[in-house]
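Subject: Structure handover

Hi,

Here is the structure we talked about. Please load it first, then read the notes below alongside it.

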Amino acid sequence: MSEAYFPVGPGLGLEENFLSLDDILMSQEKLPGRAESTLPRLAFALGQGAGTGDSIPEGTKLEIPLWLAKGLHDSKRRIISVELPKIYKEAWRTVFSADATVVDLHKMGPYYYGFGSQLLNFDNPENPEIAQTLLQTFISRFRHIMDSSQNAYNEDTSALVARLDELERALFQAGQKGLNDFQCWEKGQASQITASSLVQNYGKRKFTEMDG
Amino acid sequence: MEPAEAEFLAEKELVTIVPNFSLDRIHLIGGDLGPFNPGLPVEVPVWLAINLKQRQKCRLIPPEWMDVAKLEEIREQERKEDTFTPMPSPYYMELTKLLLNYASDNIPKADEIRTLVKDTWDTRVAKLRLSADSFVRQQEAHAKLDNLTLMEINTTGTFLTQALDHMYKLRTNLQPGESSRSQDF
């Protein structure tokens, strides 16, 4: 009720939300892949060559952003094939299942959960394990996020959020907001009228500006 | 819901005052109040009591649970039990804040009462977090918590529902359902 506007949240499933800024940024993350057939004259677009006429020979390793990979992925017309980024592979999955709370998810790709959910779109025999790992990681880190967000009042939280990925940061902010609202009410500031954040930066017009 | 809204709802609770003016029975939409006679205690809603107190027209009598011994007992019981104990008023936090802010001169040992209520609140919120964590960890479908008050639910509610939303979406990923595929050329 006190929000000035409601941003569209990320989709976080097999489908993205078209209008969500988080999803748009997330789909810019790159995937390793291979060109399955020759891609004529696209070397320039994919960053592989300097001339506009160069084509990408079959079998080249490419780094493709997710939105492009999703569009080009087709089991019948084999244009490109994608591989899993290393954090979704077996080695890292065991790290997550051992102890998920110590991993720096921001460094691993700030959209670990969203990107992982999108990876499930590509047919891959490891999909059930990836989905399971995503869920379990979230569950193990939940306690930590809850405790840190609800106990850090009026402090610098940058150390706490440094290791969280974007989804967890949104949750952290929700927790902080709950805490701040409560503390603000308890201090009695809830009944004071304050300027809305949208108009706080408007300067007062000076009289002289209106003349002439 | 914000804390201010919960406080608004709490102001409907009845509290005893001793007015120093006289007034006949007044008829409000919510019900009748009064008559007010100086020196005779009368029950009014908290919003009216606070207003009269601010205009120095009455003296507030603290509710019978707002007493050091009783609150200590409640606090001890809260610490002993694993589940939530029923609180003397479903709006204990809001009433404490309102009465202690506006009428602390009418309430004996106001600071101790504030500390005791805060301790009880901290214990309850810690229990709530523990319960939320075990709920998420075991991926239960539904949980029932008795004797929670509105203020406690508000403070953790947004966070918990968002986290559960995310968990739900991650969980539906486990089922390899047929999502709508785009056209093949």
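This is a predicted model: local features need pLDDT of at least 70, side-chain atom pairs count only at pLDDT 80 or more; totals for chains, interfaces and linings use all residues.

**Chain A overall**

Chain A has 8 helices and 3 strands. Along the sequence, the pattern reads α-β-β-α-β-α-α-α-α-α-α. Of the 212 residues in chain A, 38% are buried. Take the contacts in chain A with a separation of 6 or more: 63% of them join residues 24 or more positions apart.

**The sheet in chain A**

The 3 strands of this open sheet are ordered β2-β1-β3 in chain A, and the pairing is antiparallel. The edges are β2 (61–65) and β3 (80–82) of chain A. Each has a single partner strand, so one side of each has no neighbour in the sheet. Ignoring direction, neighbouring strands are turned by 45° against each other on average.

Now the pairing itself. Strand β1 (residues 30–35) of chain A is joined to β3(A) by 3 bridges, in the antiparallel sense.

Strand β1 (residues 14–19) of chain B runs antiparallel to β5(B), and 4 bridges join the two. Within that pairing, B:T16 is opposite B:I61 in β5(B).

**Two buried helix residues in chain A**

Start with A:I145. This residue sits in helix α5 (residues 127–151) of chain A. Is A:I145 buried or exposed? A:I145 is buried, because its relative accessible area is 0%, and the cut-off for buried is under 20%. Neighbours within four places in sequence aside, A:I145 contacts A:L164, A:E168, A:F172 and B:F159. The list therefore includes a residue of chain B, namely B:F159. For a distance check, compare A:I145 with A:K89: they are 56 residues apart along the chain, and their C-alpha atoms are separated by 25 Å.

Next is A:S117, in helix α4 (residues 112–119) of chain A. A:S117 also counts as buried, at 0% relative accessibility. Which residues does A:S117 contact, leaving aside its neighbours within four places in sequence? In chain A they are A:L12, A:G13, A:L14 and A:L134. In chain B they are B:L170 and B:N173.

**A nonpolar patch on the surface**

A:V8, A:F18 and A:L19 form a nonpolar patch on the surface. Together they have about 380 Å² of accessible area. A:F18 belongs to the segment before α1 (21–26) of chain A. A:F18 counts as exposed because its relative accessibility is 75%, and the cut-off for exposed is over 50%.

Most residues other than glycine have a negative phi.

B:Q56 is in the loop between α2 and β5 of chain B. B:Q56 counts as exposed, with 67% relative accessibility.

B:Q139 is not a glycine either, yet has a positive phi of about 50°. Where is B:Q139? It lies in the loop between α5 (110–137) and α6 (150–172) of chain B. B:Q139 is partly exposed, because its relative accessible area is 24%, which falls between the cut-offs of 20% and 50%.

Best wishes

Note on methods:
Residues are numbered from 1 along each chain as its sequence is written. Chains are lettered from A and ligands numbered from 1 in the order in which they are written. Side-chain values use heavy atoms; hydrogens and water are left out. Two strands pair if DSSP finds at least two bridges between them. Patches are made of residues with over 30% relative accessible area and no salt bridge: like charges are joined within 9 Å, nonpolar side chains (Val, Leu, Ile, Met, Phe, Trp, Tyr) within 5 Å. Accessible areas come from the Shrake-Rupley method with a 1.4 Å probe; for residues, only the protein chains shown count as cover. A salt bridge is a side-chain nitrogen of Lys or Arg within 4 Å of a carboxyl oxygen of Asp or Glu. Buried means under 20% relative accessible area, exposed over 50%, partly exposed in between (1.4 Å probe, protein chains only). Contact means heavy atoms within 4.5 Å. Axes are lines fitted to C-alpha atoms, for helices over the stretch in contact, and angles run from 0 to 180 degrees between N-to-C directions.
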